[in-house]
Amino acid sequence: MASHSPSADQAHSSMAPPPPPIESKKFDITSLMSPPDAVLDSFHHGNSVLNKSGGANGKQSSAQQPLPMSPPISPYSKPISTTSSTLPATPHSQPIKDPVLYPADEHSPASPPQPPLFAPAELEHQRIVDEHVRARSQSIFSGVTPPKREDYELVLTFRSQVMTHFTTNRKGWLRKERALLEADRRAGAQRYHAIMPAKPIAAKPPRSQRTDRISKPHATPRPIRTNATTVGTTPVRPVGRTSATPEPSRRVVAPNREDKDFNSLPDYCPPLNSLPNRSNSLKVDWKGQPIDLSSDPHASLLHPDELLLAGNLRLDCATYLTSKRRIFERRLQCLRTGKEFRKTDAQQACKIDVNKASKLWTAFEKVGWLEQGWVRRFL
């Protein structure tokens, strides 16, 4: 067979032997655990156990895994003292005391006593009363004796005792209040008399339609009657139904009286020679054809510039003089009351068109006639 040939044996012998299986390395469980903390107590056997464990396994543990570094021990951390008398005393068994946060210095002088945060009620009441007595005005007590200090303190210290009396005897309190309520009702009944109810108004029966009444045809309208019917020679008014509402009285219209009586008004106007020395100093714009005042009977009382102003405003001389005196009379009244003289005052003073009165105010203002100095002399 080919398997037993010398060439096959030589090839089989030339192959390397298979490697041995690799064993997995086992981890020690102690390498995953933290070292035990040192117990600070006064038991003797605890220290010995730690020393023994550290001495027996110290080298082995340090060889396998180094211990982590621990923080330094606080100087105030001391072994806990035991109260058991059976345990032997050790030099480390000392009582633990908390450090004093603020040590008291025996040589330092004592701090002065601090005042309380909130003043007592009596002192606060005294302060309030003192401030009120100093601030109050004596003029409000004219003819009346002012309150005393004790009165103010009584008001501040007053406390209601209603709930105290109510909780002491609730049934007695209710009886007392009910008696007061009934007495008040009796007093009110004696003061106000009962009002008698109004008599009911009987409804009127509906009007029945008469069946025997004959209706007239409405084909022919009735003739309109006149206010008076003449019988013979004496007019007789028809007797009709009188109305409960009286006829309104007819308003009597007064005849139209023009405002031209300038002699009945006081003359507070500035002198005519006070107008500026220039022609047409009182000129104003007015739409309309001016009138000729050369033949007016009162033309001699006006300045030539005033004649042009009155003619442009279509005012005769008497109406112009009357309006002029009314304007300066109102100017004096405004000066007495300390009021500024405006166009509306001139319009209210005159009895002509408000637009013409406004133009008169503008013309007089332009030449300085409305200044206070011209009417101050009449105060």
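Biologist: Why does Phe364 count as buried?
Modeller: Its relative accessibility is 0%. The cut-off for buried is under 20%. So Phe364 counts as buried. Bear in mind that this is a predicted model.

Biologist: Why is the aromatic pair of Phe328 and Phe364 called tilted?
Modeller: Start with the distance. The centres are 5.5 Å apart, and rings pair if their centres lie within 6.5 Å. Then take the angle. The planes stand at 35°. Stacked needs under 30 degrees, edge-to-face needs over 60, and the rest count as tilted. So 35° makes this pair tilted.

Biologist: Which parts does that pair tie together?
Modeller: Phe328 lies in helix 8 and Phe364 in helix 10. The pair therefore ties together parts that are 36 residues apart in sequence.

Biologist: Why is the pair of Phe328 and Trp369 called edge-to-face?
Modeller: The ring centres are 6.2 Å apart, and the limit for a pair is 6.5 Å. The planes are at 65°, and edge-to-face means over 60. So the pair is edge-to-face. Phe328 is in helix 8, while Trp369 sits in the loop between helix 10 and helix 11 (372-376).

Biologist: What links Phe328, Phe364 and Trp369 into a cluster?
Modeller: Ring pairs do. Beyond four places in sequence, Phe328 is in contact with residues including Tyr268, Pro270, Phe364, Trp369 and Val375.

Biologist: Which residues touch the most other members of the largest nonpolar core?
Modeller: Phe328 and Phe364 are among them, as are Leu309, Tyr320 and Ile327. The core has 35 residues. Helix 7, helix 8 and helix 10 each supply at least two of its residues. Helix 8 gives the most, with nine.

Biologist: Which residues of helix 7 are buried?
Modeller: Helix 7 spans residues 304-312, and its buried residues are Asp305, Glu306, Leu309, Ala310 and Gly311. What covers them includes helix 8 (317-337) and helix 10 (354-366).

Biologist: How do you know that Glu306 counts as buried?
Modeller: Glu306 has 0% relative accessibility. Buried means under 20%, so Glu306 counts as buried. Leaving aside residues up to four places away in sequence, Glu306 touches Leu272, Leu282, Leu301, Tyr320, Lys324 and Trp369.

Biologist: What makes helix 7 roughly perpendicular to helix 8?
Modeller: The axes come within 10 Å and cross at roughly 105°. Angles of 65 to 115 degrees count as roughly perpendicular. That makes helix 7 roughly perpendicular to helix 8. Glu306, Leu307, Leu309 and Ala310 of helix 7 meet Cys317, Tyr320 and Lys324 of helix 8.

Biologist: Why are helix 3 and helix 4 called oblique to each other?
Modeller: Helix 3 (residues 121-135) and helix 4 (residues 149-156) have axes that come within 10 Å and cross at roughly 130°. Roughly perpendicular stops at 115 degrees, and roughly antiparallel needs over 145. The angle falls between these two limits, so the helices are oblique to each other.

Biologist: Is that crossing left-handed or right-handed?
Modeller: Helix 3 passes helix 4 in a right-handed crossing. The contact involves residues including His125, Ile128 and Val129 of helix 3, and Arg149 and Tyr152 of helix 4.

Terms used. Residues are numbered from 1 along each chain as its sequence is written. This is a predicted model: local features need pLDDT of at least 70, side-chain atom pairs count only at pLDDT 80 or more; totals for chains, interfaces and linings use all residues. Side-chain values use heavy atoms; hydrogens and water are left out. Buried means under 20% relative accessible area, exposed over 50%, partly exposed in between (1.4 Å probe, protein chains only). Helices (H or I, at least four residues) and strands (E, at least two) are DSSP runs, numbered from the N terminus. Contact means heavy atoms within 4.5 Å. A nonpolar core is a set of buried Ala, Val, Leu, Ile, Met, Phe, Trp, Tyr and Cys residues joined through side-chain atoms within 4.5 Å. Rings of Phe, Tyr and Trp (its six-membered ring) pair if their centres lie within 6.5 Å; planes under 30 degrees apart count as stacked, over 60 as edge-to-face and the rest as tilted. Axes are lines fitted to C-alpha atoms, for helices over the stretch in contact, and angles run from 0 to 180 degrees between N-to-C directions. Angles under 35 degrees count as roughly parallel, over 145 as roughly antiparallel, 65 to 115 as roughly perpendicular and the rest as oblique. A crossing is left-handed if the near helix is turned anticlockwise from the far one by less than a right angle, and right-handed if clockwise.
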